[in-house]
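Please examine the following structure together with its sequence.

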Amino acid sequence: MTNLIVEISRYLIILLIAIYTYYNFRFFSMKNEEDRNYACSRQLVCMFMLHFLANLLIVLNTKSEELILFYGMQVLFFVCYLSLSKFFYKKISRLLLNNICMLLGTGFIILTRLNPERAMRQFLIVVVSAVVTWIIPFIIDRVWQLVKLAWLYGILGVLILAFVCIAGNTSFGAQLSLTVGGISVQPSEFVKISFVFFAAARLYRSTKFKDVAITTVIAALHVVILVLSRDLGSALIFFITYLFMLFVATSNWLYLGAGVMSGSAAAAAAYNLFSHVRRRVEAWRDPWADIDDKGYQVTQGLFAMGTGGWFGLGLYQGMPQKIPVVDKDFVFAAISEELGVIYALCLLFICVGCFMQFMIIAVKMQAMFYKLIAFGLGIMYITQVFLTVGGVVKFIPSTGVTLPFVSYGGSSVLATFVLFNVIQGLYILKRTEEEEYEEG
Amino acid sequence: MKKAKPNPKANRNILLITYLIVGLFIGMSVYLGYFIQVQSEDVINNPYNSARLNSFEERVVRGKILSDDGSILAETIISENGTETRNYPQGDLFSHVVGYSSMGKTGIESLANYYLLSSHINPFTKAMDQLADKKSDGDTVVTTLDKTMQSIAYEALGDRKGAVIAMEPGTGKVLAMVSKPTFDPNLIDEQWEDLVNGDQTEARLLNRATQGLYPPGSTFKIITALQYMREHPGMYNDYRFGCDGIYEFQRFTIQCYHKTAHGEQDFEAAFANSCNGAFSSLGQELDLTGLKHLSEQLLFNCEQPISIPYSKSMYVMEDGAKEWEIAQTVIGQGSTLMTPMHNLMLTSAIANGGMLMQPYLIERVENINGEIVKQFMPAQYGELMTATEAKGLQILLERVVTDGTGSALRTEAYSVAGKTGSAEFEKGKETHAWFVGYAPAENPEIAVCVIVEEGGSGGKAAAPIARQMFDAYLLH
């Protein structure tokens, strides 16, 4: 009997996330507020059913009472988070709120399956992050002085990165984290946000060549320090984000062209200078040539996704633990293997849906400062998604970055909450503006 | 905060970048979809993924392997208490090619691992099986192997070490693959220790057909002849050589087999009689870079289209080699080494007008009820030589049988083309006996490669085995 439940829920879970994803995009073509609310409610039904089925499978497989309790706490969290957010912020984007829950829910499911202890740690961090970042939309909505702090963001970012570069702990050949009171923190996650604020504030002030040059120097300093810390994934994300922000702020194709060229030159230089960059590129070109060493992670990821196929092997039926760093960089492979490639693709397009929502907000914002923040954070977010998933599916060389809200990692969760809540703040700001306009 | 004017340019650029990125994600999804739909089956059937595939055994009973006429070559038997044993009803007849699956996996057991552990029964039965907590029946793999041909090769080789392989040159279907000495796959677990650590000269686990590296001996003259033909298009038959059994040049001597004096030889006669003197002499004139290039075109020093484990053949002679090395290499002595399967592929390509068909062992995959799940089709590997060159070689190979060393294959019933070889490998030991060939010469249906270790002359030890194979296949 258990087997049948396992089999049926496997397909039901895929159906549910497919419906969820459908509404995510259907939403964009809906003009009517009522329709939109209806779509969002449907999404939540799908989300909670999917979450229930997956946890049913988890409990059936582990026979762990502790995990029943864990499931209950997750549901409680989602219910509180959704209803309190809507209660305090009447104009909050429900679509983004749902997506946050869907991504977190998937993260909890796959982390519980991989390592329940880590999943519970992750849950704790999520709860704390949700609480402390709750105030952010309020600040964004009221405090317009944020635009005046450009130098604070810039200098703070550079100092933090420099400190980590010198004093940081090494993991996988890169200086990424600091240990503060027993907790490992990855400051570059937070600098991502201050960096976008810095660039937005500076580029809003002036797009004269001299000012652009100064801004670019500070931005380049961020990137260079990251390269020196050997955190090339983050360096790439910062670089791309700044380049696109500069382009949108100035509408100058020359800047974009120069940026792309210097970026390519830097990539070629990195390939020749750093052996770990060459390793990654070789592992991408032909992982089968050195399957024991360089190509091991990539090929294990491909085996996992290939064996799982479109519909997945079902939770606990695969061997995702065979993939190195599966709960962080390669979480996408674990999801594909057990929940199916269809599920994984839906998840990917939920991320794309978030990004599109960010871009719509960016387009609607009138003030260049806000426009650039929404745009910059959106690019930062989607670049990270692209680098991690692209690396797993062998579309691009693997860069060792995580999937926001899904991968294990405290700093990443907190920083992503900040990012989404800044966007929510802008969304609320815009809707308030629109309503005032209509009333006036 | 002061309100800037809406910025249409910025918005246009934001939308542009958005489309670009969404397009990139669609591209990436298509890439992943292509991988799953088209490539993944080949990718995941990899020994490095065996742990995952083996976990399928918890839900699927490993499927059967059949010969092309439906004889069971391997099956899983479930005893009353539920333990599964892999049974090989044919004993050691198919030992290397079918392989074993308990101490690691080899042969077709490894090649078809994914199919054997996949179940394509109808969804209802599958659901019922799952409801009853019962394993589903794995798919059946039907091979291209012909049990009669395999038995004849097995019997003909007898107690001698060596290998016999047969395939259809026009399709690449492998009909038989025997390697001796054999092992009994039913007893692999019990005998493992002895097979791995026992008498190393036996090397019973080695599939000599695809992994045994031998000096090609006179079968290499096919390649030397082709190079000579390339360098003397249309006029290679003008070549003349007077053979008195021992060819002396500078301070070296090259002997013909048993010092037989072949007398006045033209190109075709020298090939047919396998005259070492003539070939060593014409070899001195050859463009050595061209010969190396040709060898590599003919799959030396590179990966070969063989789906089970194999050894790469080796050809080392470079431009500037000394006379002695040249004299040795062009008659297949020297340091050149090749596998019987490689030699068979070259022969098949010649028989098939230059086009090598990819050799294959799996004919189709069926579910337990005999419905076809996947059918394998002949596939071209590539043109190893031009049709004209193949035609030229065909004439040479026919002369070997009609006028030369292949007399054991002379028959009224059909015509054969082939080449014998007697490869020296160690002073004081008998030569390895080679034969490669195909029949009927005018319309080839089967190509055969035989090697008998320390069997003596190719014409006497190897050719008669090929004769039995041709008889069985063509006169049946």
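This is a predicted model: local features need pLDDT of at least 70, side-chain atom pairs count only at pLDDT 80 or more; totals for chains, interfaces and linings use all residues.

Residues are numbered from 1 along each chain as its sequence is written, while chains are lettered from A and ligands numbered from 1 in the order in which they are written.

Chain B contains 17 helices and 19 strands; these are DSSP runs, helices being H or I of at least four residues and strands E of at least two, numbered from the N terminus. Its C-alpha atoms occupy a box of roughly 100 × 75 × 45 Å along the principal axes. Of its 476 residues, 50% are buried, that is, have 20 or more other C-beta atoms within 10 Å of their own, with C-beta atoms placed from the backbone. Among the contacts in chain B with a separation of 6 or more, 66% join residues 24 or more positions apart; a contact requires C-beta atoms, placed from the backbone, within 7 Å.

At the interface, 42 residues of chain A are in contact with 36 residues of chain B. Several helices of chain A each supply at least two residues to this side, including H1 (2-26) and H10 (232-250). The most comes from H15(A), with nine residues.

Within chain B, Val97(B) lies in helix H3 (residues 95-98). Val97(B) counts as buried because 27 other C-beta atoms lie within 10 Å. Not counting residues up to four places away in sequence, Val97(B) touches Gly107(B), Ile108(B), Leu145(B) and Met177(B).

Terms used. A residue is buried if 20 or more other C-beta atoms lie within 10 Å of its own, exposed if 12 or fewer, and partly exposed in between; C-beta atoms are placed from the backbone. Two residues are in contact if their C-beta atoms, placed from the backbone, lie within 7 Å.
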